[in-house]
Amino acid sequence: MQSFRNLRFTVTRMVCPKWCLLGIWVVFWHAQSGWASRHFKIEKLSDGVYAAIHIEGGDAICNAGIVDLGEKTLVFDPFISPLAAHDLLKAAQRLTGSPVVYVVNSHFHNDHIRGNQVFAPGATVIATSRTRSLIAQHEPRALEAEKHYVPKQLEKFTAAYNKSHDAKEKTEFALMVDYYRALSESIPHVQTVLPVLTFEKELTLYGTRRNVRLVAFEKGHTESDLIMVVPGEEIVFTGDLLFIDGHPWLADGFPESWIDILKVIRGMNPTKVVPGHGPVGSHADIDNMIHYIQSLEHLIRQRIQEGRNVDTISPRDMPKPFKHWHFHTFLPMNVRFMADHIRKDLK
Ligand SMILES: [Zn+2]
């Protein structure tokens, strides 16, 4: 253990830029614990606060959080697949040594809620009141529909992945294969577990080591989203209100008020931001997300006013930072959604 510490210190001083320290810590934790998940990697944000970031080939899909409140642990967004959530439970127990007593769902989308069953009923599942209603309303229908379309989508993206020889395109197809494979494997085992503790605007959970604030917003990425703030540590878990290095899913959202919400989060001056999808970032990534929504809206409005076709919009038409973002398969749906939204506005 001592020699590994020395090695870490030497390597850090010799070759490591600041961003590399996190990677070193990930390797260090895995080496020390002798355990790693194929679904996610753990990133330490502060003593007792961790992000679990989806890795390619895994079944996590969204990012999760683990927070040591002191004698009790909180898990944020327990993934799409119960299989990946089992690993999240194991990671939480190893990192904090305390039982998981709270599970938080940031919003109703399947990739953020289907691990609930691994933690409940031992843990209390928490969400906004509206998110609870949306889960109750959508999940039975979504599960039924997925049984039919997921095998076809998995086959389609697997074939596209195997056929492609372009590295960037292959990465995109791999992301979609991960999503549909995680769904396909987990659908037979999923039981919908609804949140049992709900709130409207804000909820603080107190611990002996730290507290966390859950703050609700209406009409952002969905009708109801919440963020988790770790006071005094400038850490925010945003759920899908923020995507980093990837096109967000706009189609259930409200572009104007979503931007207002992002400005409120930006005003909190977080130094570490854990998005719903993508790597851990900072407040600069919140600015990027605002810029993305504004740029797409501007591009589509301009084309509509010029009487041009919006369906041909591709990542190449987007401003520079967004040309190479992941999830470009979301762009056509974002374009259609935004075009409908603008046309309604113009009427
Ligand atoms: Zn979402």
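A residue is counted as buried here if 20 or more other C-beta atoms lie within 10 Å of its own. By that criterion, 41% of the 347 residues of the protein chain are buried. The model is predicted, and its protein chain comprises ten helices and twelve strands.

**Overall dimensions and contacts**
- The radius of gyration of the protein chain is 20 Å, which agrees with the value near 20 Å that a compact globule of 347 residues would have.
- Along the principal axes, the C-alpha atoms of the protein chain fill a box of roughly 65 × 50 × 45 Å.
- Of the contacts in the protein chain between residues at least 6 apart in sequence, 62% join residues at least 24 apart.

**Strands 11 and 12**
- Strand 12 (residues 272–277) is largely enclosed by the rest of the structure, because six of its six residues are buried.
- Strand 12 runs parallel to strand 11 (residues 235–243), and five bridges join the two.
- Within this pairing, Phe-237 has Val-274 of strand 12 as its bridge partner.
- Between strand 11 and strand 12 the chain passes through helix 7 (residues 255–267), forming a right-handed β-α-β crossover.

**Helix 5**
- Helix 5 (residues 129–163) bends by about 45 degrees at Lys-147.
- A proline, Pro-151, follows within four residues of that bend.
- The buried residues of helix 5 are Thr-131, Arg-132, Leu-134, Ile-135 and Phe-157.
- The elements covering these buried residues include strand 6 (124–128), helix 6 (167–186), strand 7 (197–199) and strand 10 (224–230).

Technical notes
Residues are numbered from 1 along each chain as its sequence is written. This is a predicted model: local features need pLDDT of at least 70, side-chain atom pairs count only at pLDDT 80 or more; totals for chains, interfaces and linings use all residues. The radius of gyration is taken over C-alpha atoms; the globule rule is 2.2 Å times the number of residues to the power 0.38. A residue is buried if 20 or more other C-beta atoms lie within 10 Å of its own, exposed if 12 or fewer, and partly exposed in between; C-beta atoms are placed from the backbone. Two residues are in contact if their C-beta atoms, placed from the backbone, lie within 7 Å. Two strands pair if DSSP finds at least two bridges between them. A crossover is right-handed if, with the strands pointing away from the viewer, the path from the first strand over the helix to the second runs clockwise. The bend at a residue is the angle between axes fitted to the seven residues ending there and the seven starting there.
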